[in-house]
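Work through the exercises below with the sequence and the model side by side, trying each task before reading its solution.

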Amino acid sequence: MASEEASLRALESLMTEFFHDCTTNERKREIEELLNNFAQQIGAWRFCLYFLSSTRNDYVMMYSLTVFENLINKMWLGVPSQDKMEIRSCLPKLLLAHHKTLPYFIRNKLCKVIVDIGRQDWPMFYHDFFTNILQLIQSPVTTPLGLIMLKTTSEELACPREDLSVARKEELRKLLLDQVQTVLGLLTGILETVWDKHSVTAATPPPSPTSGESGDLLSNLLQSPNSAKQLNQPIPILDVESEYICSLALECLAHLFSWIPLSASITPSLLTTIFHFARFGCDIRARKMASVNGSSQNCVLGQERGRLGVLAMSCINELMSKNCVPVEFEEYLLRMFQQTFYLLQKITKDNNAHTVKSRLEELDESYIEKFTDFLRLFVSVHLRRIESYSQFPVVEFLTLLFKYTFHQPTHEGYFSCLDIWTLFLDYLTSKIKSRLGDKEAVLNRYEDALVLLLTEVLNRIQFRYNQAQLEELDDETLDDDQTEWQRYLRQSLEVVAKVMELLPTHAFSTLFPVLQDNLEVYLGLQQFIVTSGSGHRLNITAENDCRRLHCSLRDLSSLLQAVGRLAEYFIGDVFAARFSNALTVVERLVKVTLYGSQIKLYNIETAVPSVLKPDLIDVHAQSLAALQAYSHWLAQYYSEVHRQSTQQFVSLISTTMDAITPLISTKVQDKLLLSACHLLVSLATTVRPVFLISIPAVQKVFNRITDASAQRLVDKAQVLVCRALSNILLLPWPNLPENEQQWPMRSINHASLISALSRDYRDLKPSAVAPHRKVPLDDTKMVIHQTLSVLEDIVENISGESTKSRQICYQSLQESVQVSLALFPAFIHQSDVTDEMLSFFLTLFRGLRVQMGVPFTEQIIQTFLNMFTREQLAESILHEGSTGCRVVEKFLKILQVVVQEPGQVFKPFLPSIISLCMEQVYPIIAERPSPDVKAELFELLFRTLHHNWRYFFKSTVLASVQRGIAEEQMENEPQFSAIMQAFGQSFLQPDIHLFKQNLFYLETLNTKQKLYHKKIFRTTMLFQFVNVLLQVLVHKSHDLLQEEIGIAIYNMASVDFDGFFAAFLPEFLTSCDGVDANQKNVLGRNFKMDRDLPSFTQNVHRLVNDLRYYRLCNDSLPPGTVKL
């Protein structure tokens, strides 16, 4: 090697060149390779030690530390003990000498390198490692350095990464736990000393805005006047150094709390001290003073102080998030809550100089976030524990939470607080369900708070009260399928609904009058409509009036959604009790929808069309959607009155139909059209009144849909209307016996409906694809798409219904199904058409296979099997992209339905289905990295085994009587072995979803059919599977599934534990490369003979961890030296 001085100069120039803008990537790679080779040499560390003490170049220092890191973490075992001693003594000296002048990132890296040595050698070879850290902390000059070392030690040793043996990890944790009490004592001392020292200097505080607070509603929270007094002391002003030390100490505590158990080591004085620092976050005065004093130094101070508050809250939240609380710690918890609520009271205290909201706006955003996290943890984890303490006033807490929620400065903050209320309401609901006896007492306690919450949440969604904030919400951009405004409304309505569940009468009497007010405005618009040359116009033009109308319509739309959301609380057991309220709502909704349709508000001209027109359309659509929400209520009403079919019910339904029918038109906007269609579907499907078909408005819809000359609606609407009309004819009428269902008549009507809908489709001939066709191919495709989408939807919606309904449906469809089968071969090369046809057939197989009958079903399967030749499959999968793959997936889905069919009918197809899978589909996809088709193929194989076990394993009566003597006869063994081999291969591929699915399938087959116990599996496959799964764990390729893989290995091994321990394990270890004989013995010895699941899987993970660790240790150093 060259001299140290020369090497240093060379390294500096290389580093400068490497990070220079003009250096090419090619040259960077050369330099990187040179540096890597240099680092691998034995003895390179001596040069690095020299570099560290002699250079001021950051890049060189960072590189040198990386060399040390690599040496310690990957090659330490091979370093001579003399060298180790030298490194252990030199690096800490270097740190001590230069820690004040080094850049912080170099200093932190050097600390980490020293901690890495401790991780390997403490206490055996590096006995003073921890003592040194404690000494650094105790000496005032080096306290910050000691705290950085302590935090790094907590991070690296308490939950070490993978490159240590399990025994060493356990030893380190135990060693650290022994030190916890000392460390916490030291940290408490540091924080208390700083606080006390600076409190003395602040002996004559300015008049505090908080003095006199101790007599407030929460003074009874603080057990002793003393603690109230302590918390009322003014917050000291810290110098920069003390500020820095405290922030390091709080960071240490937060990390320690993340892993140490709750115990007496966490003393009351430590908790009180942390709370003192949490006050820094809500002390506006300190921030104010900083900004008044003007200098940037002071402003930074103000921010730093805020940061101390954030760090202290992080410590508190770490403790809060632990669900398992020892009895002796409960009192501490109570004290923590008391102190935090003192802070909450401070934050939300409304004195004249400050409204709560502007105070919250002035606090650090991350402090508010931490505080909200605390409140969420309190409600979700600890409320049930604390509520029983008489000295904890929950109602007062809710009052503070209420103030805190409704003064949040940001939308996100408000959402987070609504989440907390939702958790609280869930808690209350489940508490009442479990203690119905004292339901009244519980509700009385919280009634006022809940009514207040409901009123305020409702006010917050209305422009009338909250216009400025609501106008900031984005209603354009979709995020997770909803806009910001929709999310705001949805979360608010969930809270309203949960209050409704607890206090139905209050909720209704709060909401309905507000809805009524806005409805009056909407219903009063009729008087402002004037006829103009081109139609109707809304004669409201003054800017202020338009704005007020816009706000009122937006609010009406929101309140209609609220009323719809509450529909579920009027049905079931409470139907009779709340009948009159529900009837009032439904009558209003019917009136409003009819009004909107009659005066055609959706087509009216307005002064501000870009704003008012969408508003009017939205209100109309929401009124239809709200009415749809009450369809279950209407159904229950119908079943209560069906004997004396009352005029009131009939008029509700027929008026609703009068409101729907004019909207089913191509001239109506999609949003409104679809709302009308959905309501029609609900009337036909959920309510099902017997008189529906005789209502003139319904007949009008029938005529429009079956009229060949009428313009077709947009796809989605056409499908919904056809579904509704089909259901009117097919679904049994409720409350009527079979002989009054008028099936013959309905059957004839249904046949003519389907006949009209499929008219053009049934005229298609296979020659439609021929080169000399009369009709353009695109037109043919359009007919196929439009017809099949409607027919498929009709079948899908009838599939769970009575046999009679399905029979009629199939009779009407029969001709279309036969046409589809005849057309299929002609379109086999048009994957978009094949995709739709197979979708249709899949739905038929799922819903109507019994009605189709065996011969025809066989004909369909045979046609498909003939069409999907190996060439056709390869063309679809390899050359037609995603549509082609979808076609094959749907075909496999149809076969899944076939193989699941009980009885003997489709058993003859099994050999050809298995051979299609294993000889045609599998070879095409096995080696492709893409997951397409694989999931469906393996599901088909799984269902084939699961539902046709006896195709492979003939179970005779004799065998089952002589359990354990006679083995079950095995049939079709080659096919079974091929399927199992495919499963095994899938575990060697990177796709984690497929891996998880297939592991689940094997485990299910074992649970249901004892797969692992079968002789063929036990003798020829069992340990191959265990081997593959162990290798997967060792390679960490599917780490997310560690637990599932461990359980599967246990279930396989438990079939033959003796074989596993005596034969498999030694064999597995023998075949492991990268570990020596001695290490293999240790690995074998450490794998205990436990036969229970938790111990066994723990042993598996220990084996995997230690095997990886030994391999890491054994990665030997390459010979040869490299000059720089």
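**Domains and numbering**

The domain assignment, automatic or taken from a database, divides the protein into domain 1 (4-198), domain 2 (410-472 + 483-502), domain 3 (506-689), domain 4 (706-765 + 777-843) and domain 5 (968-1123). This is a predicted model, in which local features need pLDDT of at least 70 and side-chain atom pairs count only at pLDDT 80 or more, while totals for chains, interfaces and linings use all residues. Residues are numbered from 1 along each chain as its sequence is written, and side-chain values use heavy atoms, with hydrogens and water left out.

**Exercise 1.** Find which domains the largest pocket lies between, and describe its lining.

*Solution.* Begin with the space itself, which amounts to about 700 Å³. (A pocket is an open set of points on a 1 Å grid over the protein atoms alone, where a 1.4 Å probe fits, with protein on both sides within 12 Å along at least five of seven lines; lining residues have an atom within 4 Å of a point.) Next, list the lining: it comprises 28 residues, with D475, W485, R554, D618 and K671 lying nearest the centre of the pocket. Helix 21 (463-472), helix 22 (484-502), helix 24 (543-565) and helix 26 (609-629) are the elements that each give two or more residues, and helix 26 provides the largest share, 8 residues. (Helices are DSSP runs of H or I with at least four residues, numbered from the N terminus.) Finally, because domain 2 and domain 3 both give residues to the lining, the pocket lies between them.

**Exercise 2.** Determine how helix 41 and helix 44 are oriented at their crossing.

*Solution.* The axes of helix 41 (residues 934-947) and helix 44 (residues 973-986), fitted to C-alpha atoms over the stretch in contact, come within 11 Å and cross at roughly 140 degrees. Helix 41 is therefore oblique to helix 44, since angles under 35 degrees count as roughly parallel, over 145 as roughly antiparallel, 65 to 115 as roughly perpendicular and the rest as oblique.

**Exercise 3.** Locate the loop that holds K600, and state its phi.

*Solution.* K600 lies in the loop between helix 25 (579-598) and helix 26, and its phi is near 45 degrees, a positive value in a residue other than glycine.

How values were computed. Points joined across faces, edges and corners; volume = space filled by probe spheres on them. Axes fitted to C-alpha atoms, helices over the stretch in contact; angles between N-to-C directions.
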